[in-house]
Structure formats: C-alpha cells, structure tokens
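Please report on one strand, its partners and the helices around the core of this model.

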Amino acid sequence: MIKTLMRPWVFFVSLQLQVLAGLHRFRAYARLPVPVLLSMGVLMAQVTVADPGTSDDGVEVNKTPKTLFVIVDGIPADVIERVNTPGIDAIASKGSYQRAYVGGELGMPTESPTVSAVGYMSLLTGTWSNKHNVRANYGIEPNYAFWDIFRVAKHQAKVVSTGLFSTWTDNRTILMGDGLEAAGGYKFDFVADGYEKDPAFAPGVEDVERIQAVDLQVTTLAAKTLLESAPDLSWVYLQHTDDIGHRDGDGPSMDLAVRWIDARVSELWSAVQARGQHFANEDWLVIVTTDHGRSSSTGKGHGGQSDRERTIWIASNSPRMVSPAERSAAIVDIYPTIVEHMRFELPDQIAAQLEGQSLLSQ
Ligand SMILES: [Zn+2]
C-alpha cells in the first residue's frame, strides 16, 4: 500500500517541478496561466485521493476514467485502410477499428452536409445539423441548447478537467462558444490553439506548410500536457490531411500526409501509454476519427452525400466497442460513448436530444 501511494507522489512532485520550471512555455500557449495552475492543484489532489488499491474493507476502488478523442481531418476510410498507419493500428490493436458514417440520415431532416465544422459539431453535441445548426465552415450560428461534451463535463458534480489542442481556433471560440454565457460560460483548463491566427507563429511559412507546422505544435503541446497533467477529457484536432486532399486529391501526396498525421497520433498514444505506466488507476478511452470522406472522382472535394463522402471510421483502444456486424456506427455515437466511459450524469433534456447511442458493449 505504501508503495502504491509513494510512486504517484514522487512522480507527480517531479512533474510539478518540471512544470514550474517550464512555466513560461505554459504561459505561452495556455493563455490562462491561473486556471492552469489551479487545475494542476486539483489534479494533484485527485491523484493522491484516487490512488489504486483496496479500501479498508477490501473493496476495489474504481479507476479514474480519462478520455482523449482525436479528429484527423478529411481522411476517407478506403485511404486509412490502404495506407500504412502504425500509430492508429497500435491503438486499434488494443480495441477496434470500424467504419462509420456522417451526414445524418439520407433524405431525412437530419441529413447534414459532409463538411468539416458540421462533422466536428455532430461529434461534439451528439446531434445532426438540424439540431446543432452548423451547416458550413463560415457564418456559423450554433444552437447552444444542444450542449457540447465539454459543457457536460463541466456540469458534473465532480471536478472534471478539460483540454483542447486545436489547429482551428473557431472550434473553441465559435462551435463551443468558450466562455459565452449562452454556451454555459465554462472555460477549458488547458488550451493550445490560436497559432493559425498568430502572425508571429512560423513567420515565412505559408499555406499548407504553415498549417502543418501548427499541427505539429498542437501535437507537441497536447502530448506534453497529456503526459504531465492528463486532463480528464481532451480533444486534439489536426488539419493537415484535409489541406492536402483539397490541393492534390487522391494519390501519393495524400498518402504521405496520412502517414505524417498518423505519426502525430502515435505521439499522442505514446503519451497516454506512458501515463498508464505511472498511474495504474487511470482508465483511458482513446478514440481517433475523421470528420468526412472525400469525393470519388478526385478526392479533392467533399460536402455531398455520396457513399465515399459519408463514410468515416473510428479507431479506439477500448475492447468494449461494439462490432460493426451488430450495427453501423455514426459520428453522433461518440458523444454517448464518452458519457458512458466518463460516467457523466446527463441532464434529462440533453439526454433526450441525443441522436446516437454508446458504442460500448456491456
Ligand atoms: Zn474536414
């Protein structure tokens, strides 16, 4: 018992010193240094009280659930299945890989454009565009009545720490209305975004290569934060593959971009695995997915309702994911999956609005 108590303490004190020593770096990206420090304190308290082992009466203490979900933009299922992706394969080898769909139900009110922000919002809210009201990447007016998953996290009676690591700042400021009263007024505990809008970041690098540099930066900071602080619920969003798809379409260039972004996923997975080695009480759910497929003709476009545009995929480390033979998964199923894994309490009106169902089998 002493051993299990000591190890996390020693490790965590060491992390605290590292973080304090590198605080200027946190300040550079977190933008909210005080909440970051406060949440570190909260996490420290959680680690010390939620230590694994048995209680005095011999009952096993529940593990602490953690979730990381990753969106790698615009990779068709046939491409991810053909290209060598050891990072995503390593995650799926612990759990599963399956095809899924976006775009709602064809010909029904839920039918939704196979467009990036629409897909993100369907994942974030567990609803289709007729509810969340995001139908394009611009002129966005989300309906915040459909709570995003991070708002649910912050609504819990228990403290739930959150992280967002994103190449597109609008994910936080617009889709989730970070800090807006209409969207619940909550703030993320850890944030790495804003680089694509910051002229001081990667000056002299332009267009696709600049966004690739942002992806790299976001991944580095996400992996560091996952390893050191392990927010309870984190989202990493990476864009490079969609840029290459739009520019070059199907072909070797897109395949290379997929392999590059797979290496970023591998960095994140390594951080989660390192976490697991030091904190046996953490129960990690990792989900990697994409937001839409691409056109069959060239692979450059998307937005329509063709099979290839509607078909996405979900890779997860969870051995509990339902078999594709049982039912077809949709992007809106990820929200209730996270809710179940994190043991979140959902307000009745939010639960009643959801379109999907959990992918975790019993
Ligand atoms: Zn996209």
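Strand β5 (residues 233–238) is mostly covered, with 6 of its 6 residues buried. Buried means that 20 or more other C-beta atoms, placed from the backbone, lie within 10 Å of the residue's own. Both faces are covered. L233, W235 and Y237 lie on one side, and S234, V236 and L238 on the other. The model is predicted: local features need pLDDT of at least 70, side-chain atom pairs count only at pLDDT 80 or more, and totals for chains, interfaces and linings use all residues. Residues are numbered from 1 along each chain as its sequence is written. Helices (H or I, at least four residues) and strands (E, at least two) are DSSP runs, numbered from the N terminus.

β5 pairs with two strands, as tabulated here. Strands pair if DSSP finds at least two bridges between them.

| Strand joined to β5 | Bridges | Direction | A bridge partner pair |
|---|---|---|---|
| β1 (64–72) | 6 bridges | parallel | L68 with S234 |

The largest nonpolar core has 85 residues. Such a core is a set of buried Ala, Val, Leu, Ile, Met, Phe, Trp, Tyr and Cys residues joined through C-beta atoms within 7 Å. L68, V70, A222, V236, L268, V286 and V288 touch the most other members. V236 touches L68, V70, F165, V218, A222 and L268, not counting residues up to four places away in sequence. Contact here means C-beta atoms, placed from the backbone, within 7 Å. Helix α12 gives the largest share of the core, 9 residues.

How do α11 and α12 pack? Helix α11 (residues 240–248) and helix α12 (residues 252–278) meet at an angle of about 175 degrees, with axes 9 Å apart. Axes are lines fitted to C-alpha atoms over the stretch in contact, and angles run from 0 to 180 degrees between N-to-C directions. The two helices are therefore roughly antiparallel, a term for angles over 145 degrees. α11 contributes H240, T241, I244, G245 and D248 to the contact, and α12 contributes S253, M254, A257, V258, W260 and I261.

Helix α6 (residues 116–125) is mostly covered too: 10 of its 10 residues are buried. Its buried residues pack against β1, α7 (129–132), α8 (149–154), α9 (170–175), α11 and α14 (334–342). Just after α6, G126 takes a positive phi of about 70 degrees.

Technical notes: Angles under 35 degrees count as roughly parallel, over 145 as roughly antiparallel, 65 to 115 as roughly perpendicular and the rest as oblique. Two residues are in contact if their C-beta atoms, placed from the backbone, lie within 7 Å. A residue is buried if 20 or more other C-beta atoms lie within 10 Å of its own, exposed if 12 or fewer, and partly exposed in between; C-beta atoms are placed from the backbone.
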